[in-house]
Amino acid sequence: MKRVAVLGAGLTGVGAALELARNDVDVTLIDQDDAPMNRAGLRNEGKIHLGLNYAKDASLATARTLLDGALRFRALLERWVGPAADGLATSTAFVYLVARDLLLRSEDLEAYYASVDSLYRERLAGDPRLDYLGLRPERLYDGCGRGLLDAVFRRSHVADAFQTVERAIDTDELARLLRRAVAESARIRFRPGRRVEGVESSGGAFRVEGSGPAGSWRLVADQVVNALWEGRRRIDSSFGLVPDPGWLHRLKFRTIVKLPAMLRRAPSASMVLGRYGDVVILPRGTACLSWYPVGLQGWTHELGPPESWDGPCRGEVDSAQACWMAAETIAAIEPWYPGIGQSRPLRVDAGVIVAHGCTDVDDADSELHSRSRIGVVSVDGYHSVEPAKLTTAPLVAKIAAERVIAPPGGS
């Protein structure tokens, strides 16, 4: 019987563990936190991308990648958590607001959106099982979003607008569903509070070692799935798998607020393209706010982020910093989304964004405008997983589990 260790209990690691368990494989799921889904998969805006936000990738590689993930996202969740996936709460639909100091002209954006829409229609025509969060809308965007400029937003701060079908999920609810599925699985042993320090190949098996509140620990596995997200490259390196150069870790904060009554059914919005942000209008009168110039509080090209990022990534933010972050974020968004200033901050936390790039998103040539590098690298039973985005994490998790069950070449 295979002994499989899955390192990291974010969306990718949990998905891989649940898929393995579904195929009668026993799994040890390891995470440094006390609960699964407690870091980047939880502490983000929750958008299930259709590729519209990556208009600087003219090759459409990112759009193809994100469409593949988005159109399978709901079905894969349902595979792991059952019918509850169909009731997962979502935001109001996104309006894409074109900034006045734009990196692309409105007509160029519309041409790109039309190309993504064509890719979307091709995929739906080729596979009746595909859907976007349970729906199969006829098209992804409409220029009628321009009518919202005067009704909802401030035209003085926005050059143009596009109404889209894109939505975000409630990541708190997603975490609850996946935690319950892990707890109810007889084939998954969750081992919390364990930081992975290294993986070595030894005698045809793998030795995984680490530390925790109880001291150092060790386990032996026949196969290893490395789904550690911000810690993945450090462990790959310990195993001897050299990461590609140019990877970047960014620490990005978000603010969860209680909305004023007048905005509780308002559209969600993304400002494009550059150092801007999002307003994600969620059910129950809350919203997730992000404003990149304020929220970006860390940047490193090291194999992993510094320990100082650990607290915010667990939701532990100093009260003074949280008050400042919330106030600055709300103040930056209010000029273009009137009424947000009346919101009441509820929570401030952060997640790590891992991507390939050397310059920031206000550089039109930055590699951060692409997210097509996803997949699984497998070496003799060691599987390193790159999901790129929340949107593509379930798809890549399933691929990783399939590598364990039926390794390439039958080895």
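Arg194 lies over the face of Trp217, at 5.7 Å from the ring centre; a charge counts as over a ring if NZ of Lys or CZ of Arg is within 6 Å of the ring centre and within 35 degrees of the ring normal. Lys47 is placed likewise over the face of Phe94, at 4.4 Å from the ring centre. The model is predicted, so local features need pLDDT of at least 70 and side-chain atom pairs count only at pLDDT 80 or more, while totals for chains, interfaces and linings use all residues. Residues are numbered from 1 along each chain as its sequence is written, and side-chain values use heavy atoms, with hydrogens and water left out.

Rings of Phe, Tyr and Trp (its six-membered ring) are taken to pair if their centres lie within 6.5 Å; planes under 30 degrees apart count as stacked, over 60 as edge-to-face and the rest as tilted. The count by this rule is 12 aromatic pairs. In one of them, Tyr113 and Phe162 have ring centres 5.1 Å apart and planes at 85°, so the pair is edge-to-face. Tyr113 belongs to helix α3 (residues 106-126) and Phe162 to strand β5 (residues 158-164), 49 residues apart, and the pair thus links distant parts of the chain. Helices (H or I, at least four residues) and strands (E, at least two) are DSSP runs, numbered from the N terminus. Tyr113 and Phe162 are both buried, that is, under 20% relative accessible area, with exposed meaning over 50% and partly exposed in between (1.4 Å probe, protein chains only). The rings of Phe206 and Tyr382 have centres 6.4 Å apart and planes at 45°, so this pair is tilted. Phe206 in strand β8 (residues 205-211) and Tyr382 in strand β18 (residues 382-386) are 176 residues apart, and both are buried. Ring pairs also link Tyr96, Tyr112, Tyr113, Tyr141 and Phe162 into a cluster.

Tyr96 is one of the residues of strand β3 that point the same way as Phe94 and Val98, whereas Val95, Leu97 and Ala99 point the other way. Of the 6 residues of β3 (residues 94-99), 6 are buried. β3 pairs in the parallel sense with strand β12 (residues 268-272) over 5 bridges, where two strands pair if DSSP finds at least two bridges between them. Leu97 stands opposite Met271 in β12. The pairing of β3 with β5 is antiparallel, over 5 bridges, and places Ala99 opposite Val158.

Strands β7, β8 and β9 form an open sheet in the order β7-β8-β9, with antiparallel pairing. β7 (195-202) and β9 (217-221) stand at the edges with a single partner strand each, so one side of each is left without a neighbour in the sheet. β8 and β9 are joined by 5 bridges, and Glu209 has Arg218 in β9 as its bridge partner.

Strand β17 (residues 375-379) runs antiparallel to β18, with 5 bridges between them. Gly375 stands opposite Glu386 in β18. The hairpin of β17 and β18 has 2 residues between the strands, and Asp380 takes a positive phi near 50°.

In helix α1 (residues 11-22), 11 of the 12 residues are buried, including Leu11, Val14, Leu18 and Leu20. Just after α1, Asp24 takes a positive phi of about 65°.
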